[in-house]
Amino acid sequence: MMSMVLPSNRQHKINAPSPITLPEELIVQILSMLNVKSLMKLKCVSKSWNSIISDPFFVKMHLDKSSRIPHMMLFLSHIIDRCLYVSLHLSPVRGFLENPSIDIFNKDSKCQRMEWLSHHRVIGSCNGLVCLLNYCKNEFYLWNPATTRPFSENLVSYPLAFQHQILYYSDSKVSFGYDNLTNKYKLVAFYSKEVIVFTFEDNVWKNIKWFSVSYTIKNNGIYLSNSLNWSALLDNKGLYKENLNVEQLVIISLDLGTETYTKFQFPREFDELLSLVPIVCKLMDSLCFYHYAKEHSFVIWQMKEFGVEESWTKFLKFDYHSLSDCSRIVDLLPLHVFENGDMLILENNVGKLIRYYRKDNRVVWKPAHTNNCMLFSVIPYVESLVSTF
């Protein structure tokens with residue numbers, strides 16, 4: 001009888017490959033390309049990763065990359081059981097290019113319901129931080145919606161001497177920006193002929209000089225190149241005078257580092273008689289302004305090189321009669337121009353997001369409301385890890 005040869009019971013040693021260790025520099029680069037939501041989860045992986053993601057150098061690196069992926073903050077109002085609620089929808093602008101039929105009111109759209117927002121006004125957004133004014137308590141604070149962290153602990157109130165004027169003067173304006181020389185955020189408030197500045201961290205308001213000639217500020221400050229920028233009208237020319245001309249108008253730029261002003265003139269080619277002051281905005285990382293011209297045209301000019309008046313260029317012009325569905329054309333607000341310059345996204349005062357296709361001069365808009373939900377504000381925004389503290 002043949003004996004059966006059994007396999008040996010001896011365990012064979014498995015030659016497993018040794019674990020691969022990535023250099024920390026490469027790990028940092030990979031992590032910096034992720035979105036904020038993923039990074040907040042990855043902080044729990046290890047003390048080392050938590051340290052990397054919390055490091056100010058990494059926060060700055062991530063912000064630089066995130067700035068190339070602009071978002072929009074869409075504030076939606078809802079009527080539920082006769083009560084007003086506010087929801088926040090964060091949307092990458094790229095989605096409007098990749099999916100032109102995107103519907104912010106889609107039932108599958110992810111919104112954060114935040115009842116407290118109904119008591120607040122957005123002053124501005126910078127580096128992923130949103131500055132809010134609680135108009136019930138007369139307090140400002142900073143908020144990072146991407147990290148959903150609590151508000152800044154140091155609430156900011158107007159000086160008592162200015163509270164009444166700032167809150168109730170019709171010409172008062174409050175703007176929010178960042179001084180990259182001192183790495184501090186600032187509030188700038190105008191009312192009448194006074195200008196006051198609050199510097200976060202220093203926690204102090206102070207007056208700064210204003211022009212000897214009186215100007216009326218016509219928009220919230222546009223943050224660009226370490227400065228806040230406003231359209232302004234000479235007061236002594238009459239605020240509501242019809243047929244304004246370029247000599248009555250100016251762009252005022254406040255350097256947040258030196259807290260000094262520069263005045264930019266509108267282009268000389270811009271010689272049309274206007275009934276409304278042109279409004280400055282930021283598009284394509286450039287200072288721009290828009291206005292309504294004769295023959296029912298909506299026009300946008302771009303300053304190709306910041307601070308150089310000779311670099312003004314007429315960027316686009318289209319007939320706003322195509323937006324006849326809108327009740328008040330004067331409230332159009334340009335939000336974003338895509339890299340190829342073919343599509344412009346605008347907002348208007350009745351809750352519409354409007355897409356203008358430059359190539360074929362075509363305009364498309366979304367409904368003002370649906371299912372008791374209405375879009376009432378859109379703020380350009382970038383995701384960041386920047387702390388409110």
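Predicted model: local features only at pLDDT ≥ 70, side-chain atom pairs only at ≥ 80, totals over all residues.

**Sheet entry**

Residues are numbered from 1 along each chain as its sequence is written, and side-chain values use heavy atoms, with hydrogens and water left out.

I then looked up the strands themselves. Strand E9 (residues 184–191) pairs with strand E10 (residues 194–199) in the antiparallel sense, over six bridges. Strands here are DSSP runs of E with at least two residues, helices are runs of H or I with at least four, and both are numbered from the N terminus. Two strands pair if DSSP finds at least two bridges between them.

The open sheet has four strands in the order E8-E9-E10-E11, with antiparallel pairing. Its edge strands are E8 (173–179) and E11 (204–207), each pairing on one side only. Neighbouring strands are turned by 25° against each other on average, direction ignored; the axes are lines fitted to C-alpha atoms.

**Aromatic entry**

I counted rings next. The total is 16 aromatic pairs. Rings of Phe, Tyr and Trp (its six-membered ring) pair if their centres lie within 6.5 Å; planes under 30 degrees apart count as stacked, over 60 as edge-to-face and the rest as tilted.

Phe190 and Trp210 have ring centres 5.2 Å apart and planes at 70°, so I logged the pair as edge-to-face. Phe190 lies in strand E9 and Trp210 in the loop between E11 and strand E12 (215–217), so the pair ties together parts 20 residues apart in sequence. Both Phe190 and Trp210 are buried. Buried means under 20% relative accessible area, exposed over 50%, partly exposed in between (1.4 Å probe, protein chains only).

Phe289 and Trp301 have centres 6.1 Å apart and planes at 5°, so this pair is stacked. Phe289 sits in strand E18 (residues 286–293) and Trp301 in strand E19 (residues 297–303), 12 residues apart. Phe289 is buried at a relative accessible area of 0%. Trp301 is buried at 5%.

I also found one aromatic cluster, formed by Phe176, Tyr178, Tyr185, Phe198, Phe200 and Trp205.

Last, I checked the second largest pocket, whose volume is about 670 Å³. Of its 22 lining residues, Asn35, Lys37, His71, Leu90 and Glu383 are the closest to the centre. A pocket is an open set of points on a 1 Å grid where a 1.4 Å probe fits, with protein on both sides within 12 Å along at least five of seven lines; lining residues have an atom within 4 Å of a point.

How values were computed:
Points joined across faces, edges and corners; volume = space filled by probe spheres on them. Axes fitted to C-alpha atoms, helices over the stretch in contact; angles between N-to-C directions.
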